[in-house]
Amino acid sequence: MIDYRYIEAFLAVVNTNSLSKAAESLYVSQSSISKWICQLEEEIGVELIVRHKGQRSIELTASGKELVPLAEEWMKQNRLSGEDLLFIGDTLHDYEVSRR
């Protein structure tokens, strides 16, 4: 099963055109972004990003370009909204209070 972080990292790289900027936007290290992208590429069996040594920008492969709209849709369907997280937090808090 593909970890949501892999998709989130991929989309962050696409949106920033940079591994380092993607890392900054997700508050993780650049090595984490690189690792997650490599794991995503390994899991789906295609190269998604061309990394140019000495250059900070990236280039999407044809497969990477095809994945973008699918990844965006997947994130929409699988990511909890802030309201969902608040509801879950409130529910857990209420549960903890009731156990006391």
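1. Contact here means heavy atoms within 4.5 Å. Before going on, note that this is a predicted model, where local features need pLDDT of at least 70 and side-chain atom pairs count only at pLDDT 80 or more, while totals for chains, interfaces and linings use all residues. Residues are numbered from 1 along each chain as its sequence is written, and side-chain values use heavy atoms, with hydrogens and water left out.

2. Next, the layout. The protein chain has 5 helices and 2 strands, in the order α-α-α-β-β-α-α from the N terminus. Helices (H or I, at least four residues) and strands (E, at least two) are DSSP runs, numbered from the N terminus. Of the 100 residues, 27% count as buried. Buried means under 20% relative accessible area, exposed means over 50%, and partly exposed is in between (1.4 Å probe, protein chains only).

3. Now the core. The largest nonpolar core has 22 residues, and those with the most contacts inside it are Phe-10, Leu-11, Val-13, Ile-33, Ile-37, Leu-40 and Ile-49. Two or more residues each come from α1, α2, α3, β2 and α4 (62-78), and the largest share, 7 residues, is from α1. By nonpolar core I mean a set of buried Ala, Val, Leu, Ile, Met, Phe, Trp, Tyr and Cys residues joined through side-chain atoms within 4.5 Å. As background, nonpolar side chains tend to be buried together in soluble globular proteins.

4. Not counting residues up to four places away in sequence, Phe-10 touches Ile-37, Leu-40, Leu-48, Ile-49, Leu-60, Gly-64, Leu-67, Val-68 and Ala-71.

5. Val-68 counts as buried, at 13% relative accessibility. With residues up to four places away in sequence set aside, Val-68 touches Phe-10, Leu-11, Val-14 and Leu-60. Val-68 and Asn-15 are 53 residues apart in sequence, yet 9.9 Å apart in space, C-alpha to C-alpha.

6. Which residues of helix α2 (residues 19-26) are buried? They are Leu-19, Ala-22 and Ala-23. Seen down the axis of α2, its buried residues fall within an arc of 100°, so they line one face of the helix. The arc is that of the directions from the helix axis to the C-beta atoms. What covers these buried residues includes α1 (4-16), α3 (30-44) and β2 (58-60).

7. On to the packing of α2 against α3. Two packed helices are described by the angle between their axes and the distance between the axes. For α2 and α3, the angle is about 105° and the axes are 8 Å apart. That makes α2 roughly perpendicular to α3. Axes are lines fitted to C-alpha atoms, for helices over the stretch in contact, and angles run from 0 to 180 degrees between N-to-C directions. Angles under 35 degrees count as roughly parallel, over 145 as roughly antiparallel, 65 to 115 as roughly perpendicular and the rest as oblique.

8. Who meets whom there? Leu-19, Ser-20, Ala-22, Ala-23 and Leu-26 in α2 meet Gln-30, Ile-33 and Ser-34 in α3. By class, this contact has 5 nonpolar, 3 polar and no charged residues. Ala, Val, Leu, Ile, Met, Phe, Trp, Tyr, Cys and Pro count as nonpolar, Asp, Glu, Lys and Arg as charged, and the others, Gly among them, as polar.

9. Worth checking by eye: two positive phi values. Most residues other than glycine have a negative phi. Asn-17, not a glycine, has a positive phi of about 60°. Asn-17 lies in the loop between α1 and α2 and is partly exposed, with a relative accessible area of 36%. Tyr-27 also has a positive phi of about 60° although it is not a glycine. Tyr-27 sits in the loop between α2 and α3 and counts as exposed, at 77% relative accessibility.

10. Thr-61, in the loop between β2 and α4, counts as buried at 13% relative accessibility. Leaving aside neighbours within four places in sequence, Thr-61 is in contact with Glu-47, Leu-48, Ile-49 and Val-50. Asp-3 is in the segment before α1 and is partly exposed, with a relative accessible area of 21%. Asp-3 and Leu-40 are 37 residues apart in sequence and 8.3 Å apart in space, C-alpha to C-alpha.
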